[in-house]
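Please open the structure in your viewer and keep the selection tool at hand. This tour moves from one selection to the next and says what can be found at each stop.

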Amino acid sequence: LSGSILEGVTRSSILQLGRDMGLTVEERRITLAEWAEGVRSGEITEVFACGTAAVVTPIGRLLDGDDVIESAGGSEVFLRPIRPEDEPALRAFFESVPEEDLRMRFFARRGEFSHAELARYSQIDYDREMTFVAFDGADLAQSRMLGYVVGLSDPDNIQAEFAVQVHPLAKGRGMGRLLMNTLIGYLRGNGTQTLTGVALSANQPMLDLAQRVGMKLQGQGLE
């Protein structure tokens with residue numbers, strides 16, 4: 001401990017609980033580089049901070065320049081707003097997911113995605129729309145898109161509608177919740193009041209995800 005960090009009761013309780021659970025407890029400094037490497041290797045799967053006011057706060061985000069390194073299921077994820085140059089990665093994403101996943105996302109069977117459609121998805125109006133994309137690496141040419149979430153606001157920024165899709169390789173790792181929470185945080189910071197969405201009744205994973213992030217189900221709608 002340094003002179004700026006108190007040996008608080010919450011911290012002491014957590015250390016003792018760890019010992020009681022049979023865990024090896026170690027007290028030392030850890031650098032940001034070590035944190036990032038631990039997430040990359042899977043050695044670090046959870047990080048939290050605690051305070052003297054009985055507060056335990058999970059940490060899942062490491063800022064690295066303009067990008068964000070997230071921890072999702074023990075793997076390193078690079079999350080950022082979509083860019084025009086992401087069009088090829090977006091095409092590869094759509095071409096590699098099952099047809100049923102596309103039907104759940106677009107409410108119809110899908111054929112090939114045209115350049116015009118992909119350009120519309122990747123070249124957005126940031127004043128009214130935001131799309132966050134997640135990759136498994138920082139180098140766009142060498143990485144795979146793992147998922148994306150879209151939020152489109154009305155002209156008065158009162159209400160926004162969302163859509164989210166996760167690649168099959170990233171399912172079961174908390175990717176959908178990570179994307180949704182990122183969008184929700186962005187919209188809150190931007191002053192948007194309500195977030196809504198529509199899902200097919202057969203899309204139970206989407207309905208479950210919406211409830212996990214605090215949305216209410218109304219018929220086929222989400223709010």
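**First stop: Leu146**

Select Leu146 and show its surroundings: leaving aside residues up to four places away in sequence, Leu146 touches Val77, Phe93, Ala134, Phe135, Asp136, Val166, His167, Ala170, Arg173 and Met175, where a contact means heavy atoms within 4.5 Å. This is a predicted model, in which local features need pLDDT of at least 70, side-chain atom pairs count only at pLDDT 80 or more, and totals for chains, interfaces and linings use all residues. Residues are numbered from 1 along each chain as its sequence is written, and side-chain values use heavy atoms, with hydrogens and water left out.

Leu146 belongs to strand β7; strands (E, at least two residues) and helices (H or I, at least four residues) are DSSP runs numbered from the N terminus. Is Leu146 buried or exposed? Leu146 is buried, with a relative accessible area of 4%, since buried means under 20%, exposed over 50% and partly exposed in between (1.4 Å probe, protein chains only).

**Second stop: α6**

Select the whole of α6 (175-189), and then move on to Gly191, which follows α6 and has a positive phi, near 90°.
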